[in-house]
Amino acid sequence: LGGDVAGVEGDSIQMEWFPNRTDLLTPEGTGRALRAFFGVKPGLATYKVEKPKTELRVDPSVAAVRPFAGLCFVRNVPFDAALVQSVIDAQEKLTLSPGRKRRKIAIGIHDAKGITGPFTYTCVGPKDKPFIALNETAAKTPEQIMATHPKGKEYGHLLPPGKFPVFLDSTGQVLSLPPVINAQRTAITTATRDVLIDVTGTDFPTVKSTVPLLATGFAEQG
């Protein structure tokens with residue numbers, strides 16, 4: 001498959017994959033490739049994709065910041081603690097290497113319960129749209145998040161001064177501030193069953209390919 005075994009410890013196998021095989025950066029993608037390689041389930045995998053029931057409105061204000069975005073709903077995901085952690089790990093791997101440390105793409109995976117569209121991807125000012133960021137308890141403005149939240153300090157430099165892209169639901173509430181942080185209200189847990197995936201970035205082909213890469217990973221879980 002074009003990778004090296006970096007280590008084996010008990011039931012754990014650590015692999016190093018080539019950068020051009022981003023589909024192998026998730027356990028589900030590796031499993032899919034192995035099934036084809038060993039003839040268990042050969043051929044190109046196919047998936048049932050429903051037509052969109054909502055829309056994403058992209059405001060021109062994001063053009064000079066992170067111009068490209070995609071959304072996808074995945075329903076009836078059988079989450080447990082292991083799958084929650086696996087999804088978090090997949091996000092980190094994909095945004096670290098092919099995502100160039102979130103410069104090229106950033107990913108948000110949200111608990112979709114109670115979330116409705118149409119969705120809006122737009123830029124807001126430093127004091128606009130306060131929300132509770134992931135792993136926090138108090139609402140803060142984008143400016144405050146950049147100054148105080150660990151992810152704000154780590155990734156705030158990817159945004160130009162005074163420009164804060166946000167995903168909003170139909171009620172105008174913030175789902176995420178890419179490429180920095182998601183909102184706490186949509187954090188995935190073992191009780192999550194429906195998810196909303198958002199991918200933003202500066203390179204359209206990478207954004208476009210990352211959405212189905214994540215969605216098909218969930219499909220492999222049933």
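A residue is called buried here when its relative accessible area is under 20%, exposed when it is over 50%, and partly exposed in between (1.4 Å probe, protein chains only). The structure is a predicted model, in which local features need pLDDT of at least 70 and side-chain atom pairs count only at pLDDT 80 or more, while totals for chains, interfaces and linings use all residues. Residues are numbered from 1 along each chain as its sequence is written, and side-chain values use heavy atoms, with hydrogens and water left out.

Helices (H or I, at least four residues) and strands (E, at least two) are DSSP runs, numbered from the N terminus. Helix H5 covers residues 204–220, 17 residues in total, and its first and last C-alpha atoms are 25 Å apart. That is close to the 24 Å expected at 1.5 Å a residue, where the expected span is 1.5 Å times one less than the number of residues. The buried residues of H5 include Thr206, Val207, Thr210, Val211, Leu213 and Leu214, and Ala215, Thr216, Gly217 and Phe218 are buried as well. The buried residues of H5 pack against helices H1 (27–37) and H2 (81–96) and against strands E4 (68–74), E5 (105–111) and E12 (195–201).

Ala219 also belongs to H5, but it counts as partly exposed because its relative accessibility is 37%. After H5 comes Gly222, with a positive phi near 100°.

On a 1 Å grid over the protein atoms alone, a cavity is a set of points where a 1.4 Å probe fits but cannot get out, and lining residues have an atom within 4 Å of a point. There is one cavity of 30 Å³ or more, and the largest cavity holds about 100 Å³ of space. H2 and H5 are the elements that give two or more residues to its lining. H2 gives the most, with four residues. Leu214, Gly217 and Phe218 are among the lining residues, as are Thr26, Glu28 and Ile109.

Elsewhere, strands E1 (residues 3–9) and E2 (residues 12–17) pair in the antiparallel sense over six bridges; pairing requires at least two DSSP bridges. Gly7 stands opposite Gln14 in E2. Two residues separate the strands of this hairpin, and Gly10 in the turn has a positive phi of about 65°.

Thr141 lies in the loop between strand E8 (139–140) and helix H3 (142–148). Thr141 counts as buried because its relative accessibility is 13%. Leaving aside residues up to four places away in sequence, Thr141 touches Pro126, Lys127 and Pro130, contact meaning heavy atoms within 4.5 Å.

Note on methods. On a 1 Å grid over the protein atoms alone, a cavity is a set of points where a 1.4 Å probe fits but cannot get out, and a pocket is an open set with protein on both sides within 12 Å along at least five of seven lines; lining residues have an atom within 4 Å of a point. Grid points are joined across faces, edges and corners, and a volume is the space filled by probe spheres set on the points.
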